Amino acid sequence: MNQEIINLFDEYTHVPLGRDEFIRRLTKLTGSLAAALAVLPMLEVNYAHAQTVPPQDDRITTERIAYPGDDCTMKGYVAKPKEKGKYGAVVVIHENRGLNPHIEDITRRVALAGYLALAPDALSPVGGTPTNEDEARDKIGKLDAQKNLNNYIKAFDYLKTREDCNGKTGCVGFCWGGGMANQLAVHVPDLKAAVAYYGRQPDAADVPKIKAAVQLHYGSLDERIDAGIPAYEEALKKAGTKYELYMYEGANHAFNNDTAPTRYNAAAAKLAWERTLKLFGETLK
């Protein structure tokens, strides 16, 4: 698909543009409203593709949980191996559309790999993730940044109270969640691993606070996010932080999201996931 169209959709999902303006500009790029509406399903997510690991998979168990947040009750989705034991814990951080079926599926993938996985719903303080994605993005943008960060920090406090947690914790986040993974690396001193997929970078001045092993995944066509890489990498090197940075050539923002057919890059997603699990295996077992 024309890269201009993909870039426009990225702008729509992150600025965001109003839907009417997005459709107007998409119509201009495609040549007609009919063509724009034909392209739209190839851009938007389709949760029919969100179950690579079904909830009823007999190798794992899942549950809905709640834990104390910052002046709120946080809700989340937990998946873990069915066999009883103590497991390394991973906080899975959603994109700017909230806790949806795709992120729940990723949480089950983490569990299937042998970890206790928790996906908090960042929108819990405002009633939870709505089904309308435009509404979810709008609500995400209005969250109190400090309270939201505190709500994720408290997820680790919750995990450590569970008998099935071995005390070692990590996180993985995507897009908006990738930026949060970087923030957690800064603000959770005992975090063992932080994996950020195409996420906003933290301030360079905060990088010396990072004690976790950091793993960063970027798509080469993601100009908006990639612009922050040089300063972040320079700060990581200067601080002596253990990190891995991977650039996937020809991949767009959201290349890991297999419910977004136009931007999904199967080869990049597979390799990035293998690298993610390797790091978790080295730090959380």
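Predicted model: local features only at pLDDT ≥ 70, side-chain atom pairs only at ≥ 80, totals over all residues.

How many bridges join strand 3 to strand 4, and do these strands run parallel or antiparallel? Strand 3 (residues 87-93) and strand 4 (residues 116-120) are joined by 3 bridges and run parallel.

- Strands of a sheet pair through backbone hydrogen bonds, in either a parallel or an antiparallel manner.
- In this model, an open sheet is formed by 8 strands, in the order 1-2-4-3-5-6-7-8, with mixed pairing.
- Strand 1 (60-68) and strand 8 (243-248) are the edge strands, each of which pairs on one side only.
- From one strand to the next, the twist averages 20°.

- Helix 4 (residues 101-112) lies across strands 1, 2, 3, 4 and 5.
- Relative to strand 2 (73-81), helix 4 runs at about 40°.

**Two packed helices**

- Two packed helices are described by the angle and the distance between their axes.
- Helix 1 (residues 3-14) packs with helix 2 (residues 19-30) at an angle of about 175°, and their axes are 10 Å apart.
- Because an angle over 145 degrees counts as roughly antiparallel, helix 1 is roughly antiparallel to helix 2.
- On the side of helix 1, the residues in contact are E4, I5, L8, F9, E11 and Y12; they meet R19, F22, R25, L26, L29 and T30 in helix 2.
- By class, this contact of helix 1 with helix 2 has 7 nonpolar, 1 polar and 4 charged residues.

Definitions and conventions:
Residues numbered from 1 in each chain as written. Heavy atoms only, no water. Axes fitted to C-alpha atoms, helices over the stretch in contact; angles between N-to-C directions. Helix = DSSP H or I, 4+ residues; strand = E, 2+ residues; numbered from the N terminus. Parallel < 35°, antiparallel > 145°, perpendicular 65-115°, else oblique. Contact = heavy atoms within 4.5 Å. Nonpolar A, V, L, I, M, F, W, Y, C, P; charged D, E, K, R; others polar. Pairing = 2+ DSSP bridges.
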